[in-house]
Amino acid sequence: MRIEQFSLALATPLTTAHGTIDSREGFLVFVDVDGTRGIGEATPLPGWTESLEACRDALDRAGRAAETDGWDAAFTTLTNADEPAARHGLALALCDARSRAADVPLYRHFGGEHTKRVPANATIGDGGVEETVVEATEAIEQGFSTLKIKVGAREVAADIARIDAVRNAVGDNVTLRADANGAWSREEARTALDAFVDLDVAFVEQPLAADDLAGHAALRGGSVGIALDEALAEHAVETVLAADAADVLVVKPMVLGGPDRAREAALRAREAGLDAVVTTTIDGALARTGAVHVAASLSNPPACGLATADRLAEDLVPDPAPIAGGEVCVPQAPGNAPDPDLSEER
């Protein structure tokens, strides 16, 4: 098992709860499984996963275990829920190798039916009314039919005005979602949800703080659904389901510990009558493509948050799963994505 660190510049700085970052740093994980090479990606994001240093330590620990006792032993060193990015890197590498050996694309290795495209949503930033409308109409012109609009950075009344303006600009045939990133109080969330009914908003992502499962459960029941995202970084899927706190789960493979776990979470959500939206954490091309394969392995996935390649100014390989007309093109070659060592991108 070989580990190689990388750093990818962002096209524009990203503001998170833990500060502003201008690059995505992580590790490529190279494995050899019975003579077949596989490559994974571990790209931790502070606030969602372990730190870069903790990720490196976890991968080193797994590598030592793999060398002496095999891949199962390596996985047993990564059962700590605080090290999901490290587990993602190893899991994706092993899945890549095994699907290459089986001569099928990763989504077929997961059990998915043949599919060429997965619908994607466009993410609209938290600008003012005019900027939001311009961004939304440009996304529609590019072929997107589902828009996720960032809210929560201003007064609720201002966000309602922004959503209203977008609805008037894009018409009734476009699906609108809102993402508050846990910014609202229970009262603010109720006010927004009541207003969003008339604007036909499909669901609001993480309206309350991640630890407030009871508050989210109390918000459910109306025509505007409740989606949980950050909550899945704090609570197990079964805990969220038991709390009856969501209509939709936002499934991030890097946060959940790998594409295998993300697919399991999506299937578990569906069994419970919820929907599941697969998204990235603004990862490099290998992890991003792994998320595409997870979404493609599901039957009739909803629009997913996979249109994030343009957030990077550079990448590990040329995009294996480009966006066209609001859909992601699903790679059909064996494995996950092209080998970075064979790419002119690096």
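Reader: Which side chain does the side chain of Asp179 make a polar contact with?
Author: That of Lys150, at 2.9 Å. Bear in mind that this is a predicted model.

Reader: And what else does Asp179 touch?
Author: Beyond residues up to four places away in sequence, Asp179 touches Lys148, Ile149, Lys150, Val151 and Glu205.

Reader: Where does Asp179 sit?
Author: In strand 7, which covers residues 175-179.

Reader: Buried or exposed?
Author: Asp179 is buried, because its relative accessibility is 1% and the cut-off for buried is under 20%.

Reader: Which residues does UniProt list under "binding site"?
Author: The unreviewed UniProt entry puts that feature at Asp179, Glu205 and Asp229. They are spread over 51 residues of sequence but cluster in space, with a largest C-alpha distance of 9.4 Å.

Reader: Take Glu205 then. Which strand is it in?
Author: Strand 8, residues 201-205. Glu205 also counts as buried, at 4% relative accessibility.

Reader: What is Glu205 in contact with?
Author: Setting aside neighbours within four places in sequence, its contacts include Asp179 and Asp229, along with Lys148, Ala178 and Val250.

Reader: Switching topic: at what angle do helix 5 and helix 6 cross?
Author: Roughly 35°, with the axes coming within 9 Å. The crossing is right-handed.

Reader: Which residues of the two helices meet?
Author: From helix 5, Val129, Thr132, Val133, Ala136, Thr137 and Ile140; from helix 6, Arg162, Ala165, Val166, Ala169 and Val170. By type, that contact has 8 nonpolar, 2 polar and 1 charged residues.

Conventions. Residues numbered from 1 in each chain as written. Predicted model: local features only at pLDDT ≥ 70, side-chain atom pairs only at ≥ 80, totals over all residues. Heavy atoms only, no water. UniProt positions renumbered as here; feature names shortened; annotations may be inferred. Helix = DSSP H or I, 4+ residues; strand = E, 2+ residues; numbered from the N terminus. Buried < 20%, exposed > 50% of the residue type's maximum accessible area, 1.4 Å probe, protein only. Contact = heavy atoms within 4.5 Å. Polar contact = N/O pair within 3.5 Å; in protein donor to acceptor, adjacent residues only side chain to side chain. Axes fitted to C-alpha atoms, helices over the stretch in contact; angles between N-to-C directions. Left-handed = near helix turned anticlockwise from the far one by under 90°. Nonpolar A, V, L, I, M, F, W, Y, C, P; charged D, E, K, R; others polar.
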